[in-house]
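Keep the structure open as you read.

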Amino acid sequence: MARAALSRLSEPGDAVLGRWLARAGAAAVVACIRDNRAPDEPDLDAGRLASYRARLAGVDPSADLERVRTRGGRFIIPGDTEWPSQLDDLGAGRPIGLWVIGTGSLRLLALRSVSVVGARACTSYGAHVAGELGAQLAERGWVVVSGAAYGIDAAAHRGALAVGGLTIGVLACGVDMSYPQGHAELIRRIAEQGLLLSELPPGEHPNRFRFVLRNRVIAALTRGTVVVEAALRSGALSTARRARDLNRHTMGVAGPVTSELSAGVHALIRSGGATLVTDAAEIGELIGAIGDDLAPRRAGPVLPRDLLEPAVARVLEAVPATAEGAPVERVARESGLSPDEVLQRLYELGSLGFVERCGAHWRLVRRR
């Protein structure tokens, strides 16, 4: 109850309140704010305490809990069995608690999750790639995490939903709000088929700073972050940087070098801040279990000529591509081998169907 109240007093990522909570506990913090008793905290000045106290006057945590409960949700806090312990890597800036809607266990779903983020005003190429990644990851048993925004986020969510996969939407507003409004149906589907979560209590609206602060939760919650498209000043890059700082895998998808919306991803890869990936198999190899999630080895087709021994291949290369072919002596001269060895190799090639004898000459077999 105390943490539900505190979630309304400060913005997400408030490290001062986080350190106070770690030292005193939530109930004691609420009591100090209510009684206007300043604790011995070096960064907690009178102005900040007054701001907390002013907000506390209008807080009704019971009503907030009931409002989310009627939507099929709950409020989870550190120490609960459903709390994902990887969020503790955020230190004093970890969430006070998380408001969650959905039936799955956040802790269990986050164990095998990957975030897919990128530009809101994405290109058709970016939307296609994000949708394919979302679907491929879901088919491999990964939970796709994103921010339910326009562009890359929506494409990744829809890709996972389309193949019956699970997806998590991390919102920069209350979980009972639909933002953006154009994604009301998508957000409803995520809540039904996956999870919606937010640090902000019900009824809270997003703003520019809350989107940036939301990104740190996306980065910390998942095993890795994939940036599909991002301009040089894209907010998606902040998610990648936080993931890198938290020792999570950071990955990027290359795009056209002429596209401004891929410039940020390219710069991230070029600086060594991200690993280039092209599909879900390569993502799984990076963030999955060692030896269990290996991507298939990419190689061109193996041609019959590739299987020939070096000496045999040299003789085959020396046979001219003409209808009359050449005698053994000429083939020996061109290949640099002795006539006796060339004759043996020519018969081997004949058995394999590469060449044929025509009188005293040998020529290539014409294939349809």
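Q: Under what relative accessible area does a residue count as buried?
A: The model here is a predicted one. Exposed means over 50% relative accessible area, and partly exposed lies in between. The cut-off for buried is under 20%.

Q: Is phenylalanine 75 buried or exposed?
A: Buried means under 20% relative accessible area. Phenylalanine 75 has a relative accessible area of 16%. So phenylalanine 75 is buried.

Q: Which residue of β2 is the bridge partner of phenylalanine 75?
A: β1 pairs with β2, residues 98-101, in the antiparallel sense. Four bridges join the two strands. Within β2, the partner of phenylalanine 75 is tryptophan 99.

Q: How many aromatic pairs does the structure hold, and what is the angle between the planes of phenylalanine 75 and tryptophan 99?
A: The structure holds three aromatic pairs. One of them joins phenylalanine 75 and tryptophan 99, with 4.3 Å centre to centre. This pair links distant parts of the chain, 24 residues apart, from strand β1 to strand β2.

Q: What is the relative accessibility of tryptophan 99?
A: The cut-off for buried is under 20%. Tryptophan 99 counts as buried. Its relative accessibility is 0%.

Q: How far apart are the ring centres of tyrosine 179 and phenylalanine 211?
A: The ring planes of tyrosine 179 and phenylalanine 211 stand at 45°, so the pair is tilted. Tyrosine 179 lies in the loop between β5 and α9, and phenylalanine 211 in helix α10, so the pair ties together parts that are 32 residues apart in sequence. The ring centres of tyrosine 179 and phenylalanine 211 are 5.9 Å apart.

Q: Why is strand β3 largely enclosed by the rest of the structure?
A: Ser113, Ser115 and Val117 point one way from β3. Val114 and Val116 point the other way. β3 is largely enclosed because the number of its five residues that are buried is five.

Q: Which residue of β7 is the bridge partner of valine 117?
A: β3 pairs with β4 in the parallel sense over three bridges, and there serine 113 has valine 143 as its bridge partner. β3 also pairs with β7 in the parallel sense, over three bridges. In β7, the partner of valine 117 is valine 227.

Q: Which helix joins β3 and β4 in a right-handed β-α-β unit?
A: β4 covers residues 143-146. The helix of the unit covers residues 124-139. It is α7.

Q: What separates the C-alpha atoms of leucine 195 and threonine 167?
A: Leucine 195 sits in strand β6 and is buried at 0% relative accessible area. Along the chain, leucine 195 and threonine 167 are 28 residues apart. Their C-alpha atoms are separated by 6.7 Å.

Q: Which residue in the hairpin of β11 and β12 takes a positive phi?
A: β11 and β12 belong to an open antiparallel sheet of three strands, in the order β10-β12-β11. Their hairpin has two residues between the strands. The positive phi, near 70°, belongs to glycine 359.

Methods. Residues numbered from 1 in each chain as written. Predicted model: local features only at pLDDT ≥ 70, side-chain atom pairs only at ≥ 80, totals over all residues. Heavy atoms only, no water. Pairing = 2+ DSSP bridges. Buried < 20%, exposed > 50% of the residue type's maximum accessible area, 1.4 Å probe, protein only. Right-handed = clockwise from strand over helix to strand, strands pointing away. Phe/Tyr/Trp six-rings, centres within 6.5 Å; stacked < 30°, edge-to-face > 60°.
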